[in-house]
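Please open the model in your viewer and keep the selection panel at hand.

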Amino acid sequence: MKLSSLKQGRDGRLVVVSKDLTRATDAFFIVPTLQQALDDWEKVAPRLQDLSEQLEHGSVPSIRFHEHECASPLPRAYQWADGSAYVNHVELVRKARGAEMPASFWTDPLIYQGGSDAFLGPRDPIPAVDEAHGIDFEAEIAVITGDVPMGGSKEAAADAIRLVVLVNDVSLRNLIPAELAKGFGFFQAKPSSTFSPIAVTPDELGDAWDGGKLHMPLLSSLNGHLFGKPNAGIDMTFDFPTLIAHTAKTRPLSAGTIIGSGTVSNKDANGGPGRPVAEGGIGYSCIAEQRTIETILMGEPKTPFMRFGDTIRIEMKDRNGHSIFGAIEQKVVAYR
């Protein structure tokens, strides 16, 4: 089934959305918000699934579904932890600055805890204080979990995956070096993230979902031009059950925890760094990766970060060309 939160109050109004994303029906008589559904998933999910089937059959009242009316599926969450599962991306970034890649990066996931109290809606603008901060998008996949016990196994982690979403994890690249140099992680460099209009149960993804990875191209378009189309199931060093189990190693995760994959990144077909779409490659899921490769190949970056007025669109389509999660589409605006 496909679920969405329309903008209403702080936590949205839960609706069930048709498979073709054209219609929705209120779920308020079952549960008013997605967080409450996650809190009581075993009881609530079958009823929501029944409602989804009734919506497909046209046997319940429905409204026209408009993505611009959506908040992120969880407008705020108890926890947002973002990984760096595509180690190819990390390796390239470190290579560009002449830093050696520790061997542990291939065996021990990188995860940081992001701000989760104020996510942006999928069609909300990205407010930025200063273009000089190096505004960048990061196209990612994320999962929303149920409760995960501390020290839980990968199998328990896999069983806890409730929903799959797309992410724009906005980064302020020029603030990152000074923050990391302090040895205490990101904060100002990571403003509010954005999630797709639709959260999808794994069964809805068919054979594209293998229980831990989503094997479909993730499309990023910058100012109307395709910027990247890497496959989210390729070159993912750590799958989602691994990321979840790693996150829960020393503490439990509450229902509604969001775990991100990090920037989706593929190597080129020849095993080298990916090439831009314009040069026949699969492109990139963030500007920083293209700048990194430019630095490696040409000695300096050429592609600018985002400026006020720039628009990023992030989407994933099924094999028939239909949008699965709806689209994240955001314009960068000056914060007033």
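Select Asp235 to begin: this residue lies in the loop between strand S15 (225-228) and helix H6, where helices (H or I, at least four residues) and strands (E, at least two) are DSSP runs numbered from the N terminus. The model is a predicted one, in which local features need pLDDT of at least 70, side-chain atom pairs count only at pLDDT 80 or more, and totals for chains, interfaces and linings use all residues. Residues are numbered from 1 along each chain as its sequence is written, and side-chain values use heavy atoms, leaving out hydrogens and water.

Asp235 has a positive phi, near 60°. Its relative accessibility is 30%, which counts as partly exposed; buried means under 20% relative accessible area, exposed over 50%, and partly exposed in between (1.4 Å probe, protein chains only).

Next, select H6 (residues 240-247), where seven of the eight residues are buried. Among them are Phe240, Leu243 and Ile244. The buried residues of H6 pack against several elements, including strand S5 (79-83), helix H4 (154-159) and strand S10 (161-168).

From S10, move to Asp169, in the loop between S10 and strand S11 (171-172). Asp169 is buried, at 1% relative accessibility. Display its side chain: a polar contact (a pair of N or O atoms within 3.5 Å; within protein, one must be able to donate a hydrogen and the other to accept it, and residues adjacent in sequence count only if both atoms are side-chain atoms) joins the side chain of Asp169 to that of Tyr112 at 3.2 Å.

Finally, select Leu21, in the loop between strand S2 (13-17) and strand S3 (23-26). Leu21 has a positive phi of about 65° and is buried, with a relative accessible area of 9%.

Key:
Contact means heavy atoms within 4.5 Å.
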